[in-house]
Amino acid sequence: MVMQIQFSPPDITEKEINEVVDTLRSGWITTGPKTKEFEKRIASYCGTPRAVCLNSSTAAMETVLRVLGIGNGDEVITTAYTYTATAAAIYHTGAKIVLADTEPDSFEINYDQVAKLINDKTKAIMPVDIGGRMCDYTLLKEIAESKRFAFHANNDYQSAFGRPIIIADSAHGFGSKRDGSISGQAADFTTFSFHAVKNLTTAEGGAAVWKQNNDLDDEQLYHEFMLWSLHGQSKDALAKTKAGGWEYDILMPGYKCNMTDIQAAIGLKQLERYDQLLARRREIIEQYDQALKPLGIVPLDHFTDNIASSGHLYLARIPGIEPEERNNLIERFAEKGIATNVHYKPLPMLTAYHNMGFTIEHFPNAYAQYRNEISLPLHTLLTNEEVDYICENAVNILSALEVSS
């Protein structure tokens, strides 16, 4: 029998549905009490002073850059191995996108290249926690600190750091840990995605958090995020409902990227279940590893002595094959009803970034990661029977290959 296995459907229970219904019946469906409560719980979960919920991780990344005063004439370093959202957020501020290759045989940004790319225009470094595995933020902070002499601050927030600011694109990494720090505590700022395919979903949505910094006024910083996300309006809709509270001002022409209470309602119940969701993802990853590693397949190492990934994606590399062979494998999995994917095509291979002057030849490590990568289904609706079915078929399909390093 051929099973039909989706790649990454959302895990929604009656708890989330009932919370959304409660929100609809409350009469308050846009940004309101449930969004504010969700922000508090995210900050508590991550151990950060505050959290800001927005309508996407992309909006969160751009808003962080905007709040920090990064724009025309500035440079931001990120990785060539990511989805377009990371670089697009930089592009829309007017800052220059500077791409680094990955480490050899790794999905992580190339740390030596980052150090070499920093100059007096560099305002931020934006690594990406691909698959839910955190980058080495201790090393990135050391690199940034070593470049203080070249840093020129544009505003008070930048002065509070006095070096390139580290902004983690942890769209995949909510709940991940490295070197004793949970995602949100390691980088200066961290952004998360709650898109429909993410571990924790609000259908669409995202959040930004920042680590404790005695030189930052957390309430003022939160207010700045609110201004950028709500047209620069001095009061949000919830504040305007207070008696006599209609009066407001527009302090700047901001954006409109707030999260709604309907979205936050889903997130609140997802967060209540999140530790169990992470545990289930780990079970599936360990079963995949047990089946595939003996074949010579090289998966992303989600769990080590100092790393506990959020287990968002099961990225596996198949040594010795080329993209065309990989695509044939995807078709063979599809014939067995198993949806697979590729994460990611490096940015220089995409038209928009090629037109900016980037070429994949300058990023050989990123291309090597892409050329033989395939992602297996990894989600918490998978039954044990389905995981067994995927493993059995993966072994049958991949063992026929001449796997070589």
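Modeller: Start with Leu347. Setting aside neighbours within four places in sequence, Leu347 is in contact with Thr79, Ala80, Thr82, Tyr83, Thr84, Ala87, Leu99 and Tyr353. Keep in mind that this is a predicted model.

Biologist: What makes these residues contacts of Leu347?

Modeller: The cut-off is heavy atoms within 4.5 Å. Thr79 and Tyr353 are among the residues that meet it with Leu347.

Biologist: Where does Leu347 lie?

Modeller: Leu347 sits in the loop between α12 (323-335) and α13 (351-354).

Biologist: Why does Leu347 count as buried?

Modeller: Buried means under 20% relative accessible area. Leu347 has 0% relative accessibility, so it counts as buried.

Biologist: How far apart are the C-alpha atoms of Leu347 and Ile118?

Modeller: They are separated by 20 Å. Along the chain, the two residues are 229 residues apart.

Biologist: Now Glu386. Which helix holds it?

Modeller: Glu386 is in helix α15, which covers residues 384-399.

Biologist: How do you know that Glu386 has no salt bridge?

Modeller: A salt bridge needs a side-chain nitrogen of Lys or Arg within 4 Å of a carboxyl oxygen of Asp or Glu. For Glu386, the nearest side chain of opposite charge is Arg280, at 7.2 Å.

Biologist: What does Glu386 touch, not counting residues up to four places away in sequence?

Modeller: Glu386 touches Met3, Ile5 and Leu381.

Biologist: Which residues have the most contacts inside the largest nonpolar core?

Modeller: They are Leu68, Val76, Ile167, Phe189, Trp210, Leu221 and Phe225. That core has 55 residues. Apart from it lies another core of 27 residues, including Ile297, Phe333, Leu378 and Val387.

Biologist: What does Phe225 touch beyond four places away in sequence?

Modeller: Phe225 touches Val52, Thr63, Val64, Val67, Phe189, Ala208 and Trp210.

Biologist: Why does the radius of gyration agree with a compact globule?

Modeller: With 405 residues, a compact globule would have a radius near 22 Å. The protein chain has 22 Å, so the two agree. Along its principal axes, the C-alpha trace spans about 70 × 55 × 40 Å.

Biologist: How many helices and strands does the protein chain have?

Modeller: The protein chain has 15 helices and 13 strands. Buried residues make up 59% of its 405 residues.

Notes: Residues are numbered from 1 along each chain as its sequence is written. This is a predicted model: local features need pLDDT of at least 70, side-chain atom pairs count only at pLDDT 80 or more; totals for chains, interfaces and linings use all residues. Side-chain values use heavy atoms; hydrogens and water are left out. Helices (H or I, at least four residues) and strands (E, at least two) are DSSP runs, numbered from the N terminus. Buried means under 20% relative accessible area, exposed over 50%, partly exposed in between (1.4 Å probe, protein chains only). Lys and Arg count as positive and Asp and Glu as negative; His and the chain ends are not counted. A nonpolar core is a set of buried Ala, Val, Leu, Ile, Met, Phe, Trp, Tyr and Cys residues joined through side-chain atoms within 4.5 Å. The radius of gyration is taken over C-alpha atoms; the globule rule is 2.2 Å times the number of residues to the power 0.38.
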